[in-house]
Amino acid sequence: MDEMSLKVAEGNIFTIGERVATQRAVIDIKGVGNRIEIEDDCVIKGSKLTVTSDNNTIILRRGVRFKGAIIQKISPNNLVEIGEDSTFGHANFIAGEGTSIRVGARCMFSWGIEIRSTDSHAIFDHQNLRINSAADITVGSDVWVGAKSTILKGSFIPNGCVVAIASVVTKRFEKENAILAGAPARIIREGVRWERTLLG
């Protein structure tokens, strides 16, 4: 570990693996019953992990390269789990109201990305019924998410998909290896694959 500000209140569990590199990383865990696990070979740079409620879980699997923020506040029982070898230019995760955000293995997230399972504020109809409940988010494995994209509550992105730059994903998709684009996102092409090699 290089640079990490770590504050873990009593009653929480923080574990960190071997060969984890940190730079300008802030981890601040309050509440009780929270579990934060960072597996071997992760890189955490310019990031903040903040937990202020109870019984939350954050897991960064082996080889994750993370830059951004993970926030779990106010409501308990939230989960953020990021799969092996997934990388992030900069992404903000906001998990609330007892929901989960799961990202699969070998995903590539660009910068300026927001992933949130809650709107953080309630909206009601004229009968005083809430119309914007929180919901889980799942991103499959081998997914590429373009810069300035947003992934909202209830989204499901299948394996091998590409989310085009500045897209807003708002729902569940079923087809793997598709390009999702637009606001709200829709499928614009199927049967694609992508490679991580940088071309320009």
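Hi everyone, a word on ground rules before we start. Because the model is predicted, local features need pLDDT of at least 70 and side-chain atom pairs count only at pLDDT 80 or more, while totals for chains, interfaces and linings use all residues. Residues are numbered from 1 along each chain as its sequence is written, and side-chain values use heavy atoms, with hydrogens and water left out.

Let's begin with the sheet. Strands here are DSSP runs of E with at least two residues, numbered from the N terminus, and two of them pair if DSSP finds at least two bridges between them. With that in hand, 7 strands form an open sheet with parallel pairing, in the order S2-S4-S6-S9-S12-S15-S18. Strand S2 (13–16) and strand S18 (156–157) are at the edges with a single partner strand each, so one side of each has no neighbour in the sheet.

Now let's walk through some of the pairings. S2 and S4 run parallel and share 4 bridges, and threonine 15 has glutamate 37 in S4 as its bridge partner. Strand S4 (residues 35–38) is in turn joined to S6 by 4 bridges, again parallel. In that pairing, arginine 35 is opposite threonine 57, and isoleucine 36 is opposite isoleucine 58. On we go to strand S9 (residues 79–82), which runs parallel to S6 with 4 bridges between them; here threonine 57 faces leucine 79. Further along, strand S12 (residues 100–103) and strand S15 (residues 137–139) are parallel and joined by 3 bridges, with valine 103 partnered by valine 139.

So what covers strand S6 (residues 57–60) on its two faces? Thr57 and Ile59 lie on one side, Ile58 and Leu60 on the other, and all are buried. Buried here means under 20% relative accessible area, exposed means over 50%, and partly exposed is in between (1.4 Å probe, protein chains only).

Next, the salt bridges. The rule is a side-chain nitrogen of Lys or Arg within 4 Å of a carboxyl oxygen of Asp or Glu, and by this rule the count is 15. Arginine 35 is partly exposed, at 34% relative accessible area.

Which partner does glutamate 97 have? Arginine 130, again with closest N and O atoms 2.7 Å apart. The two sit in distant parts of the chain, 33 residues apart: glutamate 97 in the loop between strand S11 (91–94) and S12, arginine 130 in the loop between strand S14 (113–116) and S15. Both ends are partly exposed, glutamate 97 at 36% and arginine 130 at 30%.

Lysine 153 and aspartate 119 also meet in a salt bridge, at 2.9 Å from N to O. Lysine 153 is in the loop between strand S17 (150–152) and S18, and aspartate 119 in the loop between S14 and S15, so the pair ties together parts 34 residues apart in sequence. Aspartate 119 is partly exposed, at 25%. There is also one network, in which salt bridges with shared partners join Glu18, Arg19, Asp40, Asp41 and Arg62.

Last stop, the surface. Arg24, Lys45, Arg65 and Lys67 form a positive patch. Patch residues have over 30% relative accessible area and no salt bridge, and like charges are joined within 9 Å. Lysine 45 belongs to strand S5 (residues 43–51) and is partly exposed, at 36% relative accessibility.

Notes
Patches are made of residues with over 30% relative accessible area and no salt bridge: like charges are joined within 9 Å, nonpolar side chains (Val, Leu, Ile, Met, Phe, Trp, Tyr) within 5 Å. Accessible areas come from the Shrake-Rupley method with a 1.4 Å probe; for residues, only the protein chains shown count as cover. Lys and Arg count as positive and Asp and Glu as negative; His and the chain ends are not counted. The place of a charge is taken as NZ of Lys, CZ of Arg, CG of Asp or CD of Glu.
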